[in-house]
Amino acid sequence: MTVSVRYIVDDARVAAAFYRDHLGFRVRMEAGAGFAMLDRDDLRLLLNAPGAGGAGQGDGRRPPEPGGWNRIQLEVDDVAAARARLAEAGVELRSPVLHGNAGSQVLVADPSGNLVELFERATT
């Protein structure tokens, strides 16, 4: 089953390149700066610029905007190595490697400020 998540971004072309180049997504469709569709495993990521298409429209109270604390989680084999690789590539890191009961994680931001959590499961 494929799960779709939509992020509001400043520029879908720039965001699509980020997800493709740094996080292993495949770009399936691009429609200029307003929209892109990507996938990675069973996750479909839809990127919309504010005002682009129906999904880029607000609810009448406030327009959609990038950022916030909602995030997708991508599982990695080695979170410290992933963080080091992304830091070297100039990706904005929002946290050090954090350790919890279920595993370790690091937060990175896409070019519009949307968060992505890279997660490594704890070994038991």
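This report describes a predicted protein model, from its overall fold down to one serine.

## Overall build

The protein has 2 helices and 9 strands. Read from the N terminus, the order of elements is β-α-β-β-β-β-α-β-β-β-β.

The C-alpha trace spans about 45 × 35 × 30 Å along its principal axes. The radius of gyration is 15 Å. A compact globule of 124 residues would come near 14 Å, so the protein agrees with that picture.

Of the 124 residues, 39% are buried. The accessible surface is about 7,100 Å². Carbon and sulfur atoms account for 47% of that surface.

Take the contacts between residues at least 6 apart in sequence: 49% of them join residues at least 24 apart.

## Charges

The protein carries 14 positive and 17 negative charges.

## A look at S104

Where does S104 sit? Its place is in strand β8, which covers residues 103-109. Is S104 buried or exposed? Its relative accessibility is 12%. Buried means under 20%, so S104 counts as buried.

Which side chain does the side chain of S104 meet in a polar contact? The partner is the side chain of H99, at 2.7 Å.

Now set aside the neighbours of S104 within four places in sequence. S104 is then in contact with V79, V97, L98 and H99, and also with L118, F119 and E120.

Conventions. Residues are numbered from 1 along each chain as its sequence is written. This is a predicted model: local features need pLDDT of at least 70, side-chain atom pairs count only at pLDDT 80 or more; totals for chains, interfaces and linings use all residues. Side-chain values use heavy atoms; hydrogens and water are left out. Helices (H or I, at least four residues) and strands (E, at least two) are DSSP runs, numbered from the N terminus. Buried means under 20% relative accessible area, exposed over 50%, partly exposed in between (1.4 Å probe, protein chains only). A polar contact is a pair of N or O atoms within 3.5 Å; within protein, one must be able to donate a hydrogen and the other to accept it, and residues adjacent in sequence count only if both atoms are side-chain atoms. Contact means heavy atoms within 4.5 Å. The radius of gyration is taken over C-alpha atoms; the globule rule is 2.2 Å times the number of residues to the power 0.38. Accessible areas come from the Shrake-Rupley method with a 1.4 Å probe; for residues, only the protein chains shown count as cover. Lys and Arg count as positive and Asp and Glu as negative; His and the chain ends are not counted. The place of a charge is taken as NZ of Lys, CZ of Arg, CG of Asp or CD of Glu.
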